[in-house]
Amino acid sequence: LLMIPLLSFPTQEEEFKWLLQEEVHSVLKQLQDILKEASQRFALPGSGPGGVIRQESFVLGTSGTDQVKGVLTLQGDALCQADVNLKMPRNNQLLHFAFREDKQWKLQQIQDARNHVNQAIYLLMNRDVNYQFKTGSEVLKLMDAVMLQLSRARNRLTTPATLTLPEIASSGLTKMFTPALPSDILVNFYINLNKLCLTVYQLHVLQPSTTKNFKPAGGSILHNPGAMFEFGNQRYEVSHVHKVECVVPWLNDALVFFTVSLQLCQQLKDKISVFSSYWNYRPY
């Protein structure tokens, strides 16, 4: 009879140890590389002399209306220039307003997203290749912490802040323009996914005789015509709303990196959980 050698197959326990010692670090390295790319996007496009972030200009696109046109200039997380033309619907008067030369408007959403990405990178770098994971629970906790930071980074870009109209009216943004904004104009800038958005609200003053049905509007990302509010002992109603936007390509890149990273984290968690269900390397 022919002697057939017995093949030695790794046990589940040996596979799990290999996963903890080798594959986990491979995934962590992938995540670090992807997130470093994401972090760099927040300082793009390119750096100029002396490490100064280059400015990048975008033409505002319209959705079937030419009431608002303009160009916005972004420098990292700061809107450093805004040049806007507004055609008033009542009389077709053309208004032009731009940022004062000494003013910039920080986009907190971009700043926060970058901070969350850097925090995720910090968590990963604390577990370098020499670190030995002993249990699946350790890996799961690390992945949960990284995923939390990535989810927060993504949410800052996908979910603009809800603001009341008085909050928009009292914002420092209203004082950044030259010539000064008319009292019946409000503006707001925000990030939505991969777009930089400008909303212009035109107002009319509510006379005392018409305020018996006055109902102030609450917080919202975008207020509709008819929304009412009180500011500076005067009551107003929104008469027209104009929203224009421009795509920022590197924000789109960052969102893709977040999605890929979250998928990698989840795949590793799933592998750990499968082994943990067979052995005493319980996650909890």
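**View 1. Lys269, a buried lysine of the predicted model.** Lys269 is buried, with a relative accessible area of 17%. The cut-off for buried is under 20%, so Lys269 falls on the buried side. The model shown here is predicted. Lys269 belongs to helix H5, which covers residues 249-276.

**View 2. The surroundings of Lys269.** Which residues does Lys269 touch, not counting residues up to four places away in sequence? They are Leu140, Met143, Asp144 and Met147.

**View 3. Helix H2 against helix H3.** H2 spans residues 108-125, and H3 spans residues 136-158. The two helices pack at an angle of about 165°. Their axes lie 8 Å apart. Angles over 145 degrees count as roughly antiparallel. H2 and H3 are therefore roughly antiparallel to each other. The crossing of H2 past H3 is left-handed.

**View 4. The whole chain, for orientation.** The protein chain has 5 helices and 10 strands. It holds 284 residues, and 42% of them count as buried. Among contacts with a separation of 6 or more, 67% join residues 24 or more positions apart. The accessible surface is about 15400 Å². Carbon and sulfur atoms account for 53% of that surface.

How values were computed: Residues are numbered from 1 along each chain as its sequence is written. This is a predicted model: local features need pLDDT of at least 70, side-chain atom pairs count only at pLDDT 80 or more; totals for chains, interfaces and linings use all residues. Side-chain values use heavy atoms; hydrogens and water are left out. Axes are lines fitted to C-alpha atoms, for helices over the stretch in contact, and angles run from 0 to 180 degrees between N-to-C directions. Helices (H or I, at least four residues) and strands (E, at least two) are DSSP runs, numbered from the N terminus. Angles under 35 degrees count as roughly parallel, over 145 as roughly antiparallel, 65 to 115 as roughly perpendicular and the rest as oblique. A crossing is left-handed if the near helix is turned anticlockwise from the far one by less than a right angle, and right-handed if clockwise. Buried means under 20% relative accessible area, exposed over 50%, partly exposed in between (1.4 Å probe, protein chains only). Contact means heavy atoms within 4.5 Å. Accessible areas come from the Shrake-Rupley method with a 1.4 Å probe; for residues, only the protein chains shown count as cover.
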